[in-house]
Amino acid sequence: MQTRLMIYDGPAAADSDVPRTGGVPLAPAGFDWPVCGSGCGEPLQFFAHLPVEDGVLSVFVCQNDPGACEFWDAAEGANRVYLFPGEGLRPVAVPATGLTLLPAVSAIRTQVVTIDPEEVEQDDEEGTPDAYDLARSGWAREPGARFGTQREVLGSLGGSPSYLEDDRVPACPSCAGAMEFAAHLEEGIDWRTAMNLGGQLGYVFVCRPCREGAFLTD
Ligand SMILES: [Zn+2]
Ligand SMILES: [Zn+2]
């Protein structure tokens with residue numbers, strides 16, 4: 001089992017084109033910063049800039065009124081995911097109001113972690129081991145782990161969603177097909193600068209033909 005973990009790689013410039021959480025979004029010309037459709041009407045907070053093979057996934061989550069705005073739901077308007085083209089992106093002007101920026105910019109490097117299923121203790125009652133869960137909890141034992149903490153794991157790219165009920169996989173708003181899982185996003189390495197997801201794991205989905213994205217938490 002292989003998992004492409006996203007690992008904290010130190011601070012980054014706010015407008016860097018590297019994979020990162022925090023900083024300012026890079027978007028095509030004319031892009032308008034998204035506002036929350038779940039009640040507060042304020043600008044969403046920029047969460048992550050994730051270059052992928054067919055562009056850049058750009059993730060926003062409402063933080064203006066946690067608990068009231070339903071950022072955990074893919075369809076309530078309190079989060080947005082865009083699949084931008086990989087070229088021609090520029091920093092977006094930050095709105096004057098609302099909680100728009102994370103307090104820290106965290107660069108991300110990816111590391112493929114291979115877990116030998118035969119080394120995993122099988123728990124018959126739990127069923128199939130969860131690839132992301134195993135990779136994340138196993139990260140502290142990797143030879144290349146510099147910090148030795150699970151919190152260094154900022155998520156993963158590709159693979160399958162961790163412990164997510166099938167009926168929570170969002171439908172594409174354009175074609176109504178089931179969306180493809182793209183990434184996990186953890187809240188962040190330091191709780192003082194992390195995104196508040198209520199302690200939950202974030203899931204990013206994409207419909208590549210329609211270039212639509214979606215976000216939810218478990
Ligand atoms: Zn809101
Ligand atoms: Zn679609």
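Buried residues are those under 20% relative accessible area, exposed ones those over 50% and partly exposed ones those in between, computed with a 1.4 Å probe on protein chains only. The model is predicted: local features need pLDDT of at least 70 and side-chain atom pairs pLDDT 80 or more, whereas totals for chains, interfaces and linings use all residues. Residues are numbered from 1 along each chain as its sequence is written, chains are lettered from A and ligands numbered from 1 in the order in which they are written, and side-chain values use heavy atoms, without hydrogens and water.

View 1. Cys 69 is buried, with a relative accessible area of 2%, and Cys 62 is buried at 1%. The ideal angle for four tetrahedral donors is 109.5 degrees.

**View 2. The aromatic pair of Trp 33 and Phe 60.** Rings of Phe, Tyr and Trp (its six-membered ring) pair if their centres lie within 6.5 Å; planes under 30 degrees apart count as stacked, over 60 as edge-to-face and the rest as tilted. The structure holds 11 aromatic pairs. In the edge-to-face pair of Trp 33 and Phe 60, the ring centres are 5.6 Å apart and the planes stand at 80 degrees. Trp 33 belongs to the loop between strand E3 (26-27) and strand E4 (45-52), and Phe 60 to strand E5 (residues 55-61), so the pair ties together parts 27 residues apart in sequence. Strands (E) are DSSP runs of at least two residues, numbered from the N terminus. Trp 33 is buried at 10% relative accessibility, as is Phe 60 at 0%. Both rings are part of one aromatic cluster with Phe 31, Phe 46, Tyr 82 and Phe 84.

**View 3. The aromatic pair of Phe 181 and Tyr 203.** This edge-to-face pair has a centre-to-centre distance of 6.3 Å and 65 degrees between the planes. Phe 181 lies in strand E10 (residues 180-185) and Tyr 203 in strand E11 (residues 202-207), so parts 22 residues apart in sequence are tied together. Phe 181 and Tyr 203 are both buried.

Note on methods
Helices (H or I, at least four residues) and strands (E, at least two) are DSSP runs, numbered from the N terminus.
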